[in-house]
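Work through the exercises below with the sequence and the structure open beside you. Each task is followed by a solution that goes step by step.

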Amino acid sequence: MLTFPTATLAWSVWGLGALLYLIGFYQRVAPAVITDQLMLEFTIGGAALGNLSAFYFYSYVAMQVPTGMIADRWGPRRLLTAGAGVAALGTALFAFAPTLFWANMGRLLIGASVAVAFVSMLKLASHWFAPKQYALASGMALLMGVVGGVVAGVPLRYLVEAFGWRGVMGVSAALTAVLCVVTWLRVRDDPVERGYASHFQGVHGAHEGSSLWRGLLEVLSYPNVWILTLVPIGFSGAVLTFAGLWGVPFLRQVHGLDPKTAAAITSTLLVAWALGGPTLGSWSERMGMRKPLYLIASGVALLGWSAILYLPLPLWALVLLLVPTGFASGNIIIGFAWAKESVPLRLVGTASGVCNMGPLLGGMLLQPAVGWILDQRWNGALANGVRVYDASAYRSAFTLMFATMIVAAFVLTLAKDSHAKQMHD
């Protein structure tokens with residue numbers, strides 16, 4: 001009789017998928033600490049910089065639904081290996097890009113490739129872990145992502161100052177290529193391939209391609225899915241726009257901070273965001289309701305952002321406010337559980353893929369839009385060949401971010417509470 005794999009083996013297999021997710025999150029927010037170098041290197045303003053960063057999101061968002069379908073056909077081993085390989089290629093292209101066009105293409109490849117990591121991790125968890133450990137694995141995945149985001153803060157800035165952004169990205173490409181090889185050698189889709197018993201409780205290969213497309217159309221017929229995809233555009237979009245690109249230059253140019261301190265502050269927002277997600281999700285589970293806590297957290301986030309963006313706060317107060325604001329912005333985790341419960345169980349995977357587009361859509365749309373407004377309000381000031389925007393320009397640009405959150409909060413009121421119960425056919 002086969003025995004289940006050891007915890008060490010299971011976590012090591014899952015961990016290789018998690019490493020690609022970590023790399024993906026690192027690449028997502030890395031532009032925030034090299035904005036000045038990128039603007040100088042490619043002679044671009046805010047709109048073009050926002051677009052360069054958002055090329056990651058364009059392909060990442062587009063890959064969300066197809067990734068689930070590809071994972072079912074290829075399995076996580078082949079998908080993660082291909083993802084790491086393409087990510088290494090994209091990072092190398094970005095690192096050595098001679099023009100802005102090739103830098104954009106590099107970011108596009110990175111976003112498309114690392115988009116496979118999260119779904120692949122969840123598939124590995126369903127095969128290699130007991131069902132009671134699935135939630136732990138999901139939470140650890142988020143933690144790994146934030147570790148990547150923190151690495152892209154102060155540590156990345158130190159490395160960039162020592163070796164230049166191109167050199168650091170070149171090494172990043174090499175490390176990702178190593179992960180590609182190790183993933184192929186070590187990861188297996190199911191413990192059975194290693195001579196162990198499987199924890200998977202479903203039926204292997206139960207879905208055909210046509211049924212998946214029909215499932216997608218059916219998922220889109222549920223109003224809650226649309227609502228819970230749109231709402232994170234505001235709240236997660238604000239976090240990704242501030243911590244992922246424009247927060248560091250804002251803190252440097254308006255508050256006079258050095259790059260490393262500014263990066264540390266935006267990393268604080270990311271950590272609070274990561275802690276808020278699973279905590280708020282757990283609280284809503286205990287309450288037996290999704291909507292009230294989601295609305296309350298949205299209100300807290302709105303109040304926090306309004307103070308951060310519009311009040312003449314001393315720096316210590318701004319940093320202090322980023323913690324509850326980031327924590328409350330973790331309300332999107334409530335939305336994932338809520339969306340899952342808003343469709344029949346057979347459609348949960350597809351609904352999760354659709355809803356996972358929301359947070360990334362926020363970054364994709366808001367990062368370049370904020371940059372465009374900054375360019376419109378630019379007074380012509382330059383520092384070492386890089387555009388410098390004043391407090392008024394940032395206030396105008398961030399107003400778009402704030403307005404998007406207000407719309408998101410209104411849209412949320414239209415959702416029907418699932419009361420933490422799964423819908424059945």
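A crossing of two helices is called left-handed if the near helix is turned anticlockwise from the far one by less than a right angle, and right-handed if it is turned clockwise. The model to which this is applied here is a predicted one.

**Exercise 1. A helix pair**

Task: Describe how α11 and α13 pack, giving the angle, the distance between the axes and the handedness of the crossing, and then state which residues meet.

Solution: Begin with the geometry, where helix α11, residues 223-255, packs against helix α13, residues 291-310, at an angle of about 35°, and the axes are 12 Å apart. Next apply the definition above, under which the crossing of α11 and α13 is left-handed. Then turn to the side chains: α11 contributes Leu228, Val231, Pro232, Phe235, Ala238, Val239 and Phe242, and these meet Tyr294, Ser298, Ala301, Leu302 and Trp305 of α13. Sorted by class, this contact between α11 and α13 has 11 nonpolar residues and 1 polar residue, with no charged residues.

**Exercise 2. A residue in a loop**

Task: Locate asparagine 331, decide whether it is buried or exposed, and list what it touches.

Solution: Asparagine 331 is found in the loop between α14 (315-329) and α15. Its relative accessibility is 0%, and because buried means under 20%, asparagine 331 counts as buried. Leaving aside residues up to four places away in sequence, asparagine 331 touches Phe235, Leu280, Tyr294, Ala297 and Ser298.

**Exercise 3. Salt bridges of aspartate 36**

Finally, Asp36, Arg157, Glu161, Arg252 and Lys260 are linked in a network of salt bridges, and the count of salt bridges comes to 8.

**Exercise 4. A buried pair**

Task: Find how far apart the closest N and O atoms of arginine 290 and glutamate 341 are, and say what parts the pair ties together.

Solution: The closest N and O atoms of arginine 290 and glutamate 341 are 2.4 Å apart, and the two residues form a salt bridge. Arginine 290 lies in the loop between α12 (259-287) and α13, while glutamate 341 lies in helix α15 (residues 332-341), so the pair ties together parts that are 51 residues apart in sequence. As for accessibility, arginine 290 is buried with a relative accessible area of 1%, and glutamate 341 is buried with 7%.

**Exercise 5. Positive phi**

Task: Where are asparagine 384 and histidine 419, and what are their phi values?

Solution: Recall that most residues other than glycine have a negative phi. Asparagine 384 has a positive phi of about 55° although it is not a glycine, and its place is the loop between β1 (382-383) and β2 (386-387). With a relative accessible area of 73%, asparagine 384 is exposed. Histidine 419 has a phi near 55°, likewise a positive value in a residue other than glycine, and it lies in the segment after α18 (391-412). Histidine 419 is partly exposed, its relative accessible area being 43%.

**Exercise 6. The whole chain**

Task: Does the radius of gyration of the chain agree or disagree with that of a compact globule?

Solution: For 425 residues, a compact globule would have a radius of gyration near 22 Å, and the chain has 21 Å, which agrees. The chain contains 18 helices and 2 strands, and buried residues make up 55% of its 425 residues.

Methods:
Residues numbered from 1 in each chain as written. Predicted model: local features only at pLDDT ≥ 70, side-chain atom pairs only at ≥ 80, totals over all residues. Heavy atoms only, no water. Axes fitted to C-alpha atoms, helices over the stretch in contact; angles between N-to-C directions. Helix = DSSP H or I, 4+ residues; strand = E, 2+ residues; numbered from the N terminus. Contact = heavy atoms within 4.5 Å. Nonpolar A, V, L, I, M, F, W, Y, C, P; charged D, E, K, R; others polar. Salt bridge = Lys/Arg side-chain N within 4 Å of Asp/Glu carboxyl O. Buried < 20%, exposed > 50% of the residue type's maximum accessible area, 1.4 Å probe, protein only. Rg over C-alpha atoms; globule rule 2.2 N^0.38 Å.
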